[in-house]
Amino acid sequence: MSIDKKRAVTAWCFISVPIVYFILVRFYPTLDAFSISLTDWNIVGKKTYIGFDNFVRLWHDPVFWQVLGNTFEYLLLGVPISLILSFIVAHSLDQIRFGHGVLRACYFIPFLTTAVAMAWVWRWFYQPVPVGMINLALGQMGIKQLDFLRSTTEALPAVLAPAIWAGLGFQIVIFMAGLRAIPQSYYEAAKIDGASGFRILREITLPQLRPTIVFLTVISSIGFLRIFDQVYNMTQEGEGGPLNATRPLVLHIYKAAFERFEMGMAAAQTVVLFTILLIITIIQLRVLKNG
Amino acid sequence: MLPIAAVAHAVEIDYWQYSYKSRVDAMDRLIAAFEAENPDIKVHQTTFPYAQYRTKVAAAVSAGEGPDVVQLYYGWLDDYLNAGILKPLSEENFPAAEIEKDFFPIVHNMKADGQYFALPTAVRSLGLFWNKKLFREAGLDPDIPPKTLDELADFAKKLTKHDRAGNIIQVGITIGPIDQDHNWWREVLVRQFGGTPYNADNTKVTYDDEAGIQAFDYYAGLVTDHKVSVVDFMDKGEIAFKAGRAAIHIDGSFALSTFDRARRLDYGVAELPTYDGIKSNFASYWVNGITSKATGEKREAAEKFLKFITSEKAMQLWLDQVGELPARRAVANRPENRDNPKFGPFIRGLDYAHSTKFYSEAEQRRTVVDMLDRVVLNGMSVARSLRIAAEEDQAIIDKARMK
């Protein structure tokens, strides 16, 4: 055996372990979900094949459509806001030397914090008086309190805020790496030509960051489409209330699977989620790469 | 110590319940007392976290594993019967006539096809908790709780406090349908306004009528008209009451131990307020049944054990240790229990208590939570929101009955 072949064999030996793991723990259950979605199954009994009944029921379920709408609201608010915020922070951090490390760490810490603990802290921030910090401050100024989590319109943004905040650290670090990778000579040339700061941003920085933006858009889209921890921990009894106003698809799946034990129904919803994730990711990759 | 030979020939039976420290400890003491009386029987207690309990039992028994004697929530009986988990109690050891004479009437729900399938050690009912200090501050007599629903609204108004911006910082009464309020509304308020929550065989929702509207109007009105409360104030009514930020709170007897641990909380307990002279209460309980797994000498031992843990002696121990109410009238009505300032109101409430036959407690509770939210948050009319809740509730019942 040649050295190359030997190397390849060794490499395969190492790779095969995670491959087996992925096939057993990831791919097999994923494929199995497709077949479960066509059954009525309560996790202990027998599976009964019922064709596309689960999907038909979903189609006629107003709560499912509301939940799907919420999921897209998380996505459409979350991705642009988090990307703009993290870009602004990363861009500003990139300009400063003093305190750079400390500031960067400050932004990164929320990313390391447990989502559950953070969600509960925010839940208490949002409480009405006499508990909630934000409303307490408003009350001191004589301003009527905001409903936050107890409002059908304010609850979703209120739940989204800590999710954005938590992901910010990661996005900032990636953006900063992207910014560092842009050759300094471009900026020097632009300065000699007398380009304005805005023009430099538009014509050098942003185009050069395209791969970074593509990556972050895809990753954060998937993240917001799968939002769960914050909603589960910030809403009363983890219901995604009030009146389903904050319930995302993943929580809806969880409730169907592990509270009502409707595994077929839950699997059908996972298939829907999978399809949405797939389509959105393909579109994003196409649009942002070739644009 | 028992002679080794006796232990070697002992019949061993398994007992399962969910983990809750005071209950597990009390059961350990009952088991020790039982084994002392019956040296030829050994009882093993196994406990699981509440969240997994129900699925564990179902999976284990259907696989031929699992306990001989099992504890279950009264609302699960139908599921357990359908799954064939339970076998009826023998008439010889548990004569039906005697059960009906000795136990509180809510226990009748444990009867199917003329046979009893399970019996409780303890039951729980609802009561009204009031904070004496806050009553005093509001100029009310700290020893006189509201006795009627009108008084309740009236007292609550005097007990509500606002900050400069007009926000409520102390509620007159806690409102939390996700906690015990949904039971208060369903089994107490609906009945007091002249309605019934469900029909006789519990297959049809019947609260969607004039009585139901009035009952719900009263309940929602505490928030929307009287403005004496905020839904889920301080996250949970129990927390608000414990913190002295809620003057009146309706909760189960199990809340007593929580409030007793709270320092500087001077509170009283009363029977639920009446309306139109009508009294009602909600009772719930955990029962013990014998599974289909126990046969032969194990079954005999299991019946002996069940008889022991539903005896008067066991119930007094359970009351003293766990703080749950005795299911036998004789124990409950002992003067020291019935006139106890803390347990007394709950025990007296048992005389006129109803228990709901839940098909899915979590989902049916949610219909009440949403019913109130639609009125409070979206300004929907009481009648319309009630109709939607009734339809949702009916759908849950129909779905469960189809299975």
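**Contact between the two domains of chain B.** In this predicted model, 15 residues of domain 1 of chain B are in contact with 19 residues of domain 2 of chain B. On the domain 1 side, the elements that give two or more residues are helix 16 (344–350) and strand 14 (353–354) of chain B. Helix 16 of chain B supplies the largest share of that side, four residues. Sorted by class, the side of domain 1 of chain B that touches domain 2 of chain B has six nonpolar, five polar and four charged residues.

**Domain layout of chain B.** The domain assignment of chain B lists domain 1 as 4–124 + 285–354 and domain 2 as 126–282 + 357–402. Taken over C-alpha atoms, the centres of domain 1 and domain 2 of chain B are separated by 30 Å.

**Packing of helix 8 against helix 9 in chain B.** Helix 8 (residues 177–192) and helix 9 (residues 210–224) of chain B pack with their axes 8 Å apart, at an angle of about 115°. Helix 8 of chain B is therefore roughly perpendicular to helix 9 of chain B, since angles of 65 to 115 degrees count as roughly perpendicular. The crossing of helix 8 of chain B with helix 9 of chain B is right-handed.

**Residues at the contact of helix 8 and helix 9 of chain B.** Helix 8 of chain B contributes B:Trp185, B:Leu189, B:Val190 and B:Gln192. From helix 9 of chain B come B:Ala211, B:Gly212, B:Ala215, B:Phe216, B:Tyr218 and B:Tyr219. The residues of this contact between helix 8 and helix 9 of chain B comprise eight nonpolar, two polar and no charged.

Notes:
Residues are numbered from 1 along each chain as its sequence is written. Chains are lettered from A and ligands numbered from 1 in the order in which they are written. This is a predicted model: local features need pLDDT of at least 70, side-chain atom pairs count only at pLDDT 80 or more; totals for chains, interfaces and linings use all residues. Axes are lines fitted to C-alpha atoms, for helices over the stretch in contact, and angles run from 0 to 180 degrees between N-to-C directions. Angles under 35 degrees count as roughly parallel, over 145 as roughly antiparallel, 65 to 115 as roughly perpendicular and the rest as oblique. A crossing is left-handed if the near helix is turned anticlockwise from the far one by less than a right angle, and right-handed if clockwise. Two residues are in contact if their C-beta atoms, placed from the backbone, lie within 7 Å. Ala, Val, Leu, Ile, Met, Phe, Trp, Tyr, Cys and Pro count as nonpolar, Asp, Glu, Lys and Arg as charged, and the others, Gly among them, as polar. Domain bounds come from an automatic or database domain assignment.
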